[in-house]
Amino acid sequence: MSARTRIAVAVLVTIAGFALAAPWLTPWAPDALDWQHLASPPGFDAAHWLGTDRLGRDLFARGMQAIRVSIALGVLAALVSVIIGVAWGATAGYIGGRVDALMMRFVDIVYALPYVFIVIILATLFPRGSLAALFIAIGAVGWLTMARIVRGQTLALRQREFIDAAIASGARTSTILWRHIVPNVIGVVIAYATLTIPQLILFESFLSFLGLGVQEPFASLGSLINEGAQEMESSPWMLLVPATLLTVLLVAFNLLGEGLRSARETRRE
Amino acid sequence: MSDMTPLLRVESMSVAFAQRKTVDAISFGLLRGRCLGVIGESGAGKTQLFLALLGLLPPQADVTGRAFLGNTSLIGALVGAGAREVRGRRAAMIFQDPMTALTPHLRIGDQVAEPLVAHHGKSWTEARAEAVRLLGRVRLTDAAGLARRYPHELSGGMRQRATIAMALAGTPELLIADEPTTALDVSVQTGILALLRELVTDGMTLAVITHDMGVIAGLADDVLVMRSGKAVEQGTVDAVLKTPRDGYTRALLSATPRMDEPVEPAPVPAVLAESVPLSARHVSVRYPVPRGPFRRAQVFLAVDAVSLSVAPGEALGIVGESGSGKSSLTRALLRLSADASGQIAWLGREVHALRGETLRALRDRAQIVFQDPFASLDPVMTVAEIVAEPLRALRPALDAAARAERVAQLLDGVGLDATYLGRRSRELSGGQNQRVAIARAMVIEPQLLVCDEAVSALDVSVQAQVLELLASFKRTRGTSIVFVSHNLAVVRRLCDRVLVMYQGKVVEEGDAAEVFAAPRHPYTRLLLESVPRLDPAAERARLAAHAADSA
Amino acid sequence: MISFVLRRLAGLVPTLFVLVTISFFVIRLAPGSPFDQEQKLSPEVRANLDAAYGLDRPLYVQYMRYIAGVARGDLGPSFRYKDYRVTELIASGLPLSLTIGLAAALLAFLVGVPLGAWAAWRANSLVDHALMGFSLIGVVLPGFVVGPVLALVFGIYWRLFRIAGYEAGDPGFLVLPVVTLALPVMAYVARMTRDSLVDVLQSNFVRTARAKGISPRAVLMRHALRPALIPVVSYLGPAVAFVVTGSLVVESVFGLPGSGRFLVQGAIDRDYPLVMGMILVYGAFTLVCNLIADLVYRWLDPRVRLT
């Protein structure tokens, strides 16, 4: 593992650690209102290390909660998109022909639509504030690229001679899929799944920013940023704290995914 | 036309990457107007040597020693503009694969004209006109029309001639050709070799890098034999080819199949099987060629009503160039493609209409070894798993221990010991991988083994070992072999009968000895004439005759 | 060549048709009606409203009327903004959105490609690592984070650009929004260019070009650049589309009266014709952008020319 990947993993583990341990680290609950410290900047008095917002809520507690929500959503949604994407892509790739053409045409059309449309259409379909609906919606968007990648890999694999060799050796189709195709595809899937997580976290933040995502009293990094942007002139930390947290989180996930991807590529030399 | 001062002088030159030497203290001289042939197998360092001379290696390469082109020092002194003065202007290099060596989005004429603009200060108009003349010089017809085309519109042979024209554009003193004919069809190779020979006769100094003894015989005046970066033997071509001193050179020469080597008579098969291992009648393979969404697809006939049969213990060779349909035929014979029609039977059982489980169960009768040793092995599986796969699929009665024993037996039979069991294909060489592929094919003791260009990607010495292995299967187990190859000498060494294919049809068939000694069909004659002779005098005569023919 | 373009343009019509149809029915699936946001209406008033806007007719009739209207160039009345036709609303904001979007796309490519090429030429050096580091951050930061931060730094602390009280015709307002919008695309383009060029520089034909002894600049510009740009161009279509539609974020953050807000607000308000109109206009724009990208791609690679 390269140095960059190691740093990424370390950062992620640290953040996750803080996020999970937050309830024990800080005396403040995420929705507790501290009337004496409304919109106060980061400091050490009253244990408001990252400051408070307009309503007196501790930003550290809220920020950590937001991270928990964001990571959970990102990972779950990535899982959903992996499952749908791999099933779709592998089927299209292995069966080929008309079925493949049809399945990928569908992916192409949805892919061509700017994601904004998807957001809007989904926003109108689900009642506001439904967390489950939210993460299904996000996962439903994320599977497209995964499907394309898996289909591309499956297609390329199917034409490789070792598949022909397996057929000539008398292996059944199910055996070939299980013992040859899946092990060769799984490396790519894991690498891209790790890259999908930050994209999905970003997407969720975008939805929250628009007011369509996580609702009160829960916070997500997107909704915190939205609030912070409104108070930007008077309390810049309200924007900078969630913005920094989001950036660090996304960069770390991206580095990890990139690291996995290049590790696979160098192994193949 | 020789001058006594060497044009190219190399003294104790080495190339190392992170302490590992790819070229180890090589010294030689090349006189003007002569051709030096550098021969060795893969990994010998031949290409590295010349890339280092031209300064084309990456910066991590550590090049030591001395080398001179005329009076110019080539090592350590070439930087920037000085290097570019040598490259293309005084020494030009042409590379192995003409398709990837030419820039895809630039016209041929422009690419040939480029050195003229860069080195001779000509304007583009003048350079383009000169480029057309050069294309004619390398015997390309309709040079003006060709100059306006793109690389992908030309055939392999035409592209290689264009790269030669491009190299000549800078009017170099030294021309370096790296495996100039390896990527080309046999019938096209002669033309390129003849052209290069002509250039030497006209005064060009040429260095040819190759793994093929035939190319050495035809082009080289002097020979340098390389192995693992070291110079193993040097001398004139007659001396090295006829009276080699070094053991490695001798081994290379004996491993190279020759058209004039003695052939053993077809043996009586040791095992008599009740039925013919392979019988095929009127097999045709058609591919649909799509012509856009609204037009009916055209049909391309890759194989046209071919019939053949193989007797027990017999080796049948199928000879043809690219486009002959031989690969499509082998896939059809093994029932690996769906586009075939005709009757095919394995050991008397008709299989052309079978599908699914019924077909699968019969697969222990016929097995195949493919050309590319890396592509035919699953990269994530270990050698043990790969060789065991046919047993798992077709001998379910065997338990894990019995399978393991059988796998070990087979690996031993192909010359690989137990340490190979846990390795994966990327850790092994081409030759080792191909042996694994053969072990996999033979583990269920098929009556028929089909080899599709199975030795074409291997070094000459490894090739000889694999051929011997196949011959031993034929002799001791009575396995029938169908051996597909474009290399006639290899086919002659192994096979009893031979089939010649051209554009999907069988144009000649018969006993190998007879067909090669007295071919009847013009195409067979063409193929035989294109095989390089290993005697320098004979080979030069052949090339000269070819040049005279096409002048 | 012309016939090829015309054929592809004609092919856009059915796709748009499908797009509009799907959106039409999907939007109406959403619970709620355009008039829910107002105070509770009595059933008669509600019925009158429904009739006035044609909502009492069966769905397929509404659909036909809508398509007929589109063919005439009339995108219907807005349900929310009474007295306004959808066409007027969109037209009021579209020029600004398009300006911001196209300026951002242009900036992204004009800066991204050279930066990526520079990083590739000096691969593995400090320049390369630095540029790719910035690229990673740029790709990851969303517009709704960058926008406010830039506004904070350049608008409030350093007072270089104005960020409130938009006045049409004053380009100073547009600098920050355009840069915010361009940043992720620029970062991605730089990365892609760099990776692609590094790849191409290893290829056989570049080695041949070097062996011919031509200048490094000629090797880069004449031989390596065009093939390296092929994947970048494939990204052109989606990039432009992303930028124009994503302008809704910067419009929201910087308070600009573009047409982006109609999309989100329209969906929330269940203002069907407005949302439909936006989808139609932006959909058409996306498809045209993809077509242009395709044409440029074919020009770059002679092997793919005009099938």
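Colleague: How many residues of chain C are in contact with chain B?

Modeller: In this predicted model, 18 residues of chain C are in contact with 21 residues of chain B, where contact means that the C-beta atoms of two residues, placed from the backbone, lie within 7 Å. Local features need pLDDT of at least 70 and side-chain atom pairs count only at pLDDT 80 or more, while totals for chains, interfaces and linings use all residues. Residues are numbered from 1 along each chain as its sequence is written, and chains are lettered from A and ligands numbered from 1 in the order in which they are written.

Colleague: Which helix of chain C gives the most to the side that touches chain B?

Modeller: Helix H8 (204-211) and helix H9 (216-254) of chain C each supply at least two residues of that side, and H8(C) gives the most, with seven residues. Helices here are DSSP runs of H or I with at least four residues, strands are runs of E with at least two, and both are numbered from the N terminus.

Colleague: Switching to chain B, what is its radius of gyration?

Modeller: Chain B has 21 helices and 20 strands. Its radius of gyration, taken over C-alpha atoms, is 26 Å, close to the 24 Å that the globule rule (2.2 Å times the number of residues to the power 0.38) gives for 551 residues, so chain B is as compact as a globular protein of that length.

Colleague: Where does strand E9 of chain B sit, buried or exposed?

Modeller: Strand E9 (residues 222-227) of chain B is mostly covered, with six of its six residues buried; buried means that 20 or more other C-beta atoms lie within 10 Å of the residue's own, with C-beta atoms placed from the backbone. B:Asp222, B:Leu224 and B:Met226 point one way from E9(B), whereas B:Val223, B:Val225 and B:Arg227 point the other way.

Colleague: And which strands does E9(B) pair with?

Modeller: Strand E3 (residues 35-39) of chain B pairs with E9(B) in the parallel sense over four bridges, pairing requiring that DSSP finds at least two bridges between the strands, and B:Ile39 has B:Val225 as its bridge partner. Strand E10 (residues 230-236) of chain B runs antiparallel to E9(B), joined by six bridges, and B:Arg227 stands opposite B:Lys230 there.

Colleague: What about the turn in the hairpin of E9(B) and E10(B)?

Modeller: Two residues lie between those strands, and B:Ser228 takes a positive phi near 50 degrees.

Terms used: A residue is buried if 20 or more other C-beta atoms lie within 10 Å of its own, exposed if 12 or fewer, and partly exposed in between; C-beta atoms are placed from the backbone.
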